[in-house]
Amino acid sequence: MPKITFLPLRKTVNVKPGTELLEAASKADVEIPISCGGNGTCGKCLVRIDSGEVDFTSSGILSRTEKSEGYVLACKTRVLDKPIKVFVPEQIEDKEGKFTDTYDDIGLVRQELFPKNCQFDPLAVKWVVDVPPPKPEDGLSDLDRLTRRLQLEWGKKEFVFPLDIIRQVADTLRIQDGKVTVTLVRGSDRYYVVGIEPGDSTFRQYGVAVDIGTTTVAVQLVFQPLAKSIATRTDYNDQIKCGLDIISRINYAKRPERLAELRLLVLKTINRLIKKACASQKIKKEEICNAVISGNTTMIHLLLGLNPDYIRLDPYTPTILNTPNLSAVDIGIDINPKSWIYISPGVGSYVGGDITAGLLCTDLASDTEDINLFIDIGTNGEIVVGNSGFLMGCACSAGPAFEGGGIRDGMRASLGAIERVEIDPETGMASYSTIGNVKPRGICGTGMISLLANLLLTGWIDSAGKLNRTRTCRAILNDESSLGF
Ligand code: FES
């Protein structure tokens, strides 16, 4: 197998001839941005072949100079039976992101989670019971006595105990003279026992709310007894490196191994945030017995490892809109493994559970006859209009417009993005600033809007966006952060 060396990091990997360069990079743990999901249209995966030969499917988006200098698109290049050296230009995103809304609000801001018309009704609750000691004359087992006690308080329904909980029953009952806390999930006709602890631990009852965005993932840790948020953590969705928008991710997921990769990446993001939120409040992740997840339809498909391709193809049919309750261990969420996960239902391929969850948190659908508008602008943007009598929703791609999508040097608002441009009306001299005050790496949506606004205000373009060719240049480039027009 030929050896592939990635420069300047000098990371190497051996792969079979015919392997895509992008896949080789991933195996060598070298990050190459792939905004279009490997479709050969964004040009972000540009690399230079410094030695050796490759099979490159020529792409019209490369300039003649780039081609003559040995640049290729990693997503359209395959390895031949010879070693090669590949130079990856500096394209590193700031991994930490620029989120500043991470906070712990216990004792500070008691954040109200629910609108007044909603009830806090988690799937799993903790319940403390005093189980009487065993008596030789009644012949009841530990499990019988526990079940009878629960039925006394919760009604004569069936209580389902999984084997690993049954294994804990005997010892747990004897630690505090029969006082135990049982975590119960209410099914329609029975209760499922998902945890048992000695004594009264009802004051340690937590849940997590997870919002999976195409670009960002947010996790809120909830203290259930008070129905309050106690910590929030946000970060970029690790899937970003596989495509910036929904369609790019769907394209990327066409191969089963890539679909699996996307699933693991979003799980990694969620579990990392849960771990951080738990660490901030000194709680164990096993103490979390509820999780609610919302996300657009594609994100939910990727989380569950479902092929999202039919969401993109006419007649745009998803595999699932209403997800049955699944266990944390089935999905891969790192909390009490037996907890059930509630995934908010979607309405259509592009109006997902993030919108239904958002609507639930407003009074729009239930309280008013006035017509209201609900707008969620994310990488995917959705709008719902209506009142208590009807709701109509639609969606379209919004993020790329704000994140420099489709622009050669466009980028997300991260380290090195030009975010502000000013043009002196007298001299025509432009100055700019970048996020982090570092060397510019591209321009983000805010920078583009700022640039266009200044070009318009100073007469360099007209209201239709056309360049004013009658204006002349009076200034020249005079320092690193100024441009002359
Ligand atoms: S051109 Fe290769 S990822 Fe977009």
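## Terms and overall makeup

A residue is called buried when its relative accessible area is under 20%, exposed when that area is over 50%, and partly exposed in between. Arg-255, at 26% relative accessibility, therefore counts as partly exposed. The model described here is predicted.

The protein chain has 485 residues, of which 45% count as buried. Its secondary structure comes to 12 helices and 26 strands. The accessible surface of the chain is about 24,800 Å², and 55% of that surface belongs to carbon and sulfur atoms. Among contacts with a separation of 6 or more, 60% are made by residues 24 or more positions apart.

Strands of a sheet pair through backbone hydrogen bonds, in either a parallel or an antiparallel sense.

Strand β12 (residues 179–186) pairs with strand β13 (residues 190–198) in the antiparallel sense, over seven bridges. Within β13, Tyr-192 stands opposite Val-185.

## The three-stranded sheet

A second open sheet has three strands in the order β20-β21-β22, with antiparallel pairing. Strands β20 and β22 (391–397) are the edge strands, each pairing on one side only. The twist here averages 15° from one strand to the next.

Strand β21 (residues 380–386) is joined to β22 by seven bridges in the antiparallel sense. Val-384 has Gly-393 in β22 as its bridge partner. Helix α10 (residues 353–360) lies across β20, β21 and β22, and its direction is at about 135° to β20.

## A nonpolar patch on the surface

Leu-373, Ile-375, Ile-377 and Ile-383 form a nonpolar patch on the surface, with about 380 Å² of accessible area together. Strand β20 (residues 372–377) supplies the largest share of this patch, three residues. Ile-375 lies in strand β20. With a relative accessibility of 48%, Ile-375 counts as partly exposed.

## Salt bridges

Side chains of opposite charge can pair when their charged atoms come close. The model has a count of 21 salt bridges. One of them joins the side chains of Arg-149 and Glu-153, at 3.7 Å from N to O. These two residues are four apart in helix α3, so about one helical turn separates them. Arg-149 is partly exposed at 27% relative accessibility, and Glu-153 is partly exposed with a relative accessible area of 35%.

Another salt bridge links the side chains of Arg-420 and Glu-422, at 2.8 Å from N to O. Arg-420 has a relative accessible area of 32% and is partly exposed; Glu-422 is partly exposed at 42%.

The side chains of Glu-257 and Arg-255 also meet in a salt bridge, at 3.5 Å from N to O. Glu-257 counts as partly exposed, at 43% relative accessibility. Both Arg-255 and Glu-257 belong to a network of salt bridges that also links Glu-20, Glu-23, Lys-27, Arg-78 and Arg-258.

Notes: Residues numbered from 1 in each chain as written. Predicted model: local features only at pLDDT ≥ 70, side-chain atom pairs only at ≥ 80, totals over all residues. Heavy atoms only, no water. Patch = residues over 30% accessible without salt bridge, like charges linked within 9 Å, V, L, I, M, F, W, Y side chains within 5 Å. Areas by Shrake-Rupley, 256 points an atom, 1.4 Å probe, with all protein chains shown as cover. Salt bridge = Lys/Arg side-chain N within 4 Å of Asp/Glu carboxyl O. Buried < 20%, exposed > 50% of the residue type's maximum accessible area, 1.4 Å probe, protein only. Pairing = 2+ DSSP bridges. Axes fitted to C-alpha atoms, helices over the stretch in contact; angles between N-to-C directions. Contact = heavy atoms within 4.5 Å.
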